[in-house]
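Open the structure in your viewer and keep the selection panel at hand. The tour below goes from one selection to the next.

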Amino acid sequence: LCPQVPELEKATVRIRQPERVRGIIRSLREQGVAKLQVVSDFDMTLSRFGCNGRRCPTSHNILDTSRVVSEDGRKKLKDLLHYYYPIEIDPNRTLEEKCPLMVEWWTRAHELLVQQKIRKDDIAQIVRESEAMLRYGHGAEFFDRLHKNNVPLFIFSAGVGDVLEEIIRQASVFYSNVNVVSNYMEFDDDGVLTHFKGPLIHTYNKNNTVLQGTEYFQQLSTRTNIILLGDSMGDLTMADGIPRVENILKIGFLNDKVEERRGKYLEAYDIVLESDETLDVVNGILRYILTE
């Protein structure tokens, strides 16, 4: 496909339009680092989906299953997950059907977390005790390379901002080029969680409705080439607020229910990575684009 990016030959890679992908990668390289930005989801995209046959936690799961949540709270949060997650990934439901249900899920989950009186001081330790990890093999290389080349990394997450920032911090890769938009907690003067700040970000509203007026996209108006990384259909709109996009390469991680969702992913993403727990392909493309 692209001899300069041998990682694209991995068995986990699927591409519907190889010529098109080759053209986009070539353009990204020719137009240079000054025009590039990366827009990425976090949970199950930059963080791992599974490890040794077990699911890794999302930033919400880390809180949901931690010692700071009561037994009863944990059970209720788990019930919500079992009810709403199949709806979230159901390929036969429309976005119109899913959106109000996602708002309902996130709102109810956040209300349950607020009832737990979580302390700000506990978050670092909760993350340390969790099984969260960045994607295997060079999650750090991805962050390092973008930072070294001054490429902005915009993380757009429906998770819990305080938790995912802590995961990145503990991996020692929270650099100045990283910008996060997510659901953040608000704490009172005693450091106890009182509510979540708005606007609510769920899987299917990651677009410019949430981003209107953010300085971030205004500052980056010259960064018209985008690599977009996601693991859900909702992630495809993450770059919608960006003015004048010239080239966009959409890379999708298909982590779950691979057979039944493959068709939809191949239509929507330029490159689909099936059950691939690494960032090898992304790093290979970046290596090629960013090497003089």
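Is Arg 14 buried, partly exposed or exposed? Select Arg 14 and show its surface: its relative accessibility is 35%, so Arg 14 counts as partly exposed. Keep in mind that this is a predicted model.

Arg 14 and Glu 274 form a salt bridge, with 2.9 Å between the closest N and O atoms. Arg 14 belongs to strand 1 (residues 13-14) and Glu 274 to strand 11 (residues 271-274), so the pair ties together parts that are 260 residues apart in sequence. Glu 274 has a relative accessibility of 11% and counts as buried. In the whole structure, a search finds 23 salt bridges.

Next, select helix 6, residues 139-148. Show the side chains of Glu 141 and Arg 145, which form a salt bridge with the closest N and O atoms 2.9 Å apart. The two residues are 4 apart in this helix, so about one helical turn separates Arg 145 from Glu 141. Arg 145 is buried, at 17% relative accessible area, and Glu 141 is buried too, at 19%.

Move on to helix 11, residues 280-290. How many of its 11 residues are buried? The count is 9, so the helix is mostly covered. Among the buried residues are Val 281, Asn 283, Gly 284, Tyr 288 and Leu 290.

Then select helix 3 (residues 71-89) together with helix 4 (residues 95-115). They pack at an angle of about 160 degrees, and their axes are 10 Å apart. This angle makes helix 3 roughly antiparallel to helix 4. The crossing of helix 3 past helix 4 is left-handed. To see the contact, show side chains including Leu 77, Leu 81 and Tyr 84 of helix 3 and Leu 101, Trp 105 and Leu 112 of helix 4. The residues of this contact comprise 14 nonpolar and 5 charged, with no polar ones.

Stay on helix 3 for the last stop and select Asp 72 and Lys 76. Their side chains meet in a salt bridge, 3.1 Å from N to O. Asp 72 and Lys 76 are 4 residues apart in helix 3, which means a separation of about one helical turn. Asp 72 is partly exposed at 44% relative accessible area, and Lys 76 is partly exposed at 39%.

Terms used: Residues numbered from 1 in each chain as written. Predicted model: local features only at pLDDT ≥ 70, side-chain atom pairs only at ≥ 80, totals over all residues. Heavy atoms only, no water. Buried < 20%, exposed > 50% of the residue type's maximum accessible area, 1.4 Å probe, protein only. Axes fitted to C-alpha atoms, helices over the stretch in contact; angles between N-to-C directions. Parallel < 35°, antiparallel > 145°, perpendicular 65-115°, else oblique. Left-handed = near helix turned anticlockwise from the far one by under 90°. Contact = heavy atoms within 4.5 Å. Nonpolar A, V, L, I, M, F, W, Y, C, P; charged D, E, K, R; others polar. Salt bridge = Lys/Arg side-chain N within 4 Å of Asp/Glu carboxyl O.
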